[in-house]
Protein chains: 2
Amino acid sequence: MDTGRPDQPRHYVPHALAPEDYLPHSLTQPTVVLGQRPAEAAGLNLDYVEIADERGTHAAVTHLLAQGRRRIAAICEQKGPRAGDRRLRGYRQALAEAGVAYDDSLVLGVGDADLWSSGVAAATRLLRARARFDALFCYNDVVAIGALSVLNRSGVAVPDDVAPAGFDDIEAARFVSPPLTTVDPRRESIARTAVALLRSRMDLADFRELPGRTETAGFALRVRRSSAARPPAEDTGHAP
Amino acid sequence: MDTGRPDQPRHYVPHALAPEDYLPHSLTQPTVVLGQRPAEAAGLNLDYVEIADERGTHAAVTHLLAQGRRRIAAICEQKGPRAGDRRLRGYRQALAEAGVAYDDSLVLGVGDADLWSSGVAAATRLLRARARFDALFCYNDVVAIGALSVLNRSGVAVPDDVAPAGFDDIEAARFVSPPLTTVDPRRESIARTAVALLRSRMDLADFRELPGRTETAGFALRVRRSSAARPPAEDTGHAP
C-alpha cells in the first residue's frame with residue numbers, strides 16, 4: 001500500500017508489494033519499510049522494521065512446552081512474503097531446545113484459501129487423520145480462530161485436550177471461547193520505531209548519508225485460557 | 001473518509017463525518033453517500049445508499065421470536081450516527097407484531113468504551129442483574145462476540161439458554177463458538193448501487209439535473225447455531 005504523495009516521504013506495508021515495487025523510490029526519497037529486509041535491499045540506504053516472527057513464535061511454543069505439551073502441531077504458511085518460514089524456524093528451534101523431535105506430519109500449510117478457512121481446513125485434516133497432538137501453533141490469530149472453531153464443535157476440550165496459540169493479538173482473539181493465547185507484535189512500537197527511523201533520515205541534508213538500518217520490533221506473549229487453565233490476570237482480555 | 005481528488009467524483013463513508021463536512025462538496029461535484037440521508041440533505045442533489053438497519057433488525061428479532069424466544073434483550077447504541085436508533089425501532093416493531101411487550105430493563109446501551117468491551121460489559125450487567133432473557137439482539141457482531149464470550153465463560157448455554165444475534169456478518173462471526181446468527185448488509189450490493197447512482201449523475205451534462213435519490217440496500221439474515229440448533233446448511237459458515 002503506497003500512502004505517499006509525490007512530494008512527501010513514503011510509507012509502505014509490503015504485504016502485497018514486491019521489492020521492485022518500492023525499492024526505486026528509496027533512491028530518491030527517505031524510505032522506511034514495515035517488514036523483512038529482502039536480499040535486493042542489502043546495500044541500499046533505506047530502513048526496515050521487522051516483526052519478531054522467529055522470536056515471538058519461539059516464545060509461544062516454549063510456553064506450550066512449559067505447559068507440558070509435547071505433540072505441538074503447526075498450521076503455518078511455509079513460504080511467500082508472509083513470514084511463515086521465519087515463524088516455523090522459531091517453532092523448530094523451541095522444539096529442539098526442549099529435546100522434542102520435529103514431526104513433519106504435524107506441520108500443515110495454510111493452502112490457498114482465505115486464512116479463516118485455512119484454519120478450519122487444516123484443523124479438520126488433523127482431526128480426520130487422527131493425528132495425536134496436544135497443542136497447536138497457528139500462523140496467525142485468524143488461522144487459530146478458524147482452527148479453534150473446529151476443535152470446539154468437534155468436542156475437543158480446549159485447553160485440556162489441545163492448546164491452540166496464534167500470532168498478532170487481533171481484537172477477536174480476546175473474545176473467542178476460550179480466549180486465545182497469542183503473540184502481540186507491538187504495533188504501536190513498530191510505528192514509533194518506523195517514524196523515528198524516517199525522521200532521522202529526513203533531518204539530514206542528504207538522506208543517503210545514513211546506511212540502511214534494520215530494527216526488529218519487540219513482542220509480548222499474551223497467555224490466555226486457550227493454553228493455560230489459569231492465565232495471568234492481566235492477560236485474560238476480559239474486564240468484568 | 002474522503003477518497004476523492006479535487007478533480008474527481010468523491011465517495012464518503014460518513015461514519016465519522018458530519019453532514020457539514022461533505023455537503024458543501026455535493027454542490028460542485030457528483031456525490032454519493034453510504035449511509036443515512038440527514039435532514040440537512042433533504043433538498044440537495046446528492047444520493048444516499050442506506051443500510052437496512054430497521055428491516056434487518058426486524059428480521060433478526062422476528063427470527064428469534066420464531067424460535068420461541070420471548071425475553072429478547074438488546075445491547076444497542078441508542079443515538080448518534082451509528083444507526084442504533086433505527087435498529088432499535090426494528091427491534092421494537094418485531095416485538096410489537098408478535099404481541100411481546102417491550103421491557104425497558106432488557107435494553108442496554110453500548111456505552112463509550114470500544115464496542116468489543118461494550119458487549120462484555122453489557123452482558124455482564126445483564127447476568128449480574130439476574131435479568132431473565134432467552135435471546136440477545138446486539139447492535140453489531142463485535143458487540144455480540146463480546147457478549148457471547150461472557151455467556152460462554154459464565155456457563156450460559158448458547159443457544160439453549162440464550163440465543164444471541166448480531167449485525168454486519170463480519171468474518172469472525174462464522175468462527176466463534178457457536179457461530180453467530182447475524183444480518184448481512186450486503187456490502188457488495190451497497191457498493192454496486194452507489195457506483196450506479198454516481199455514474200448516472202456523472203453521465204449528465206449538469207449533474208444537478210437529477211434530484212437527490214435515496215436507495216436502501218437489501219440484506220440477508222444468516223441463521224447460524226447461536227440461535228438455532230439446526231441452522232440451514234448453507235448458512236452455517238463452515239465448509240468442513
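Mentor: A salt bridge is a side-chain nitrogen of Lys or Arg within 4 Å of a carboxyl oxygen of Asp or Glu. This is a predicted model, in which local features need pLDDT of at least 70 and side-chain atom pairs count only at pLDDT 80 or more, while totals for chains, interfaces and linings use all residues. Residues are numbered from 1 along each chain as its sequence is written, chains are lettered from A and ligands numbered from 1 in written order, and side-chain values use heavy atoms, without hydrogens and water.

Trainee: How many salt bridges are there over all chains?

Mentor: The count over all chains is 20 salt bridges.

Trainee: Which side chain does A:R222 meet in a salt bridge?

Mentor: A:R222 pairs with A:D184, at 2.9 Å from N to O. A:R222 lies in strand β10 (residues 220-222) and A:D184 in strand β8 (residues 181-184) of chain A, 38 residues apart. Helices (H or I, at least four residues) and strands (E, at least two) are DSSP runs, numbered from the N terminus.

Trainee: Is A:D184 buried or exposed?

Mentor: A:D184 is buried, at 10% relative accessibility, and A:R222 is partly exposed, at 21%. Buried means under 20% relative accessible area, exposed over 50%, and partly exposed in between (1.4 Å probe, protein chains only).

Trainee: Now chain B. What does B:D47 meet?

Mentor: B:D47 forms a salt bridge with B:R201 (2.6 Å, N to O). The partners, in strand β3 (residues 47-50) and helix α6 (residues 187-202) of chain B, are 154 residues apart. Both B:D47 and B:R201 are buried.

Trainee: Which residues are linked in a network?

Mentor: Salt bridges join A:D47, A:R201 and A:R213 in a network.
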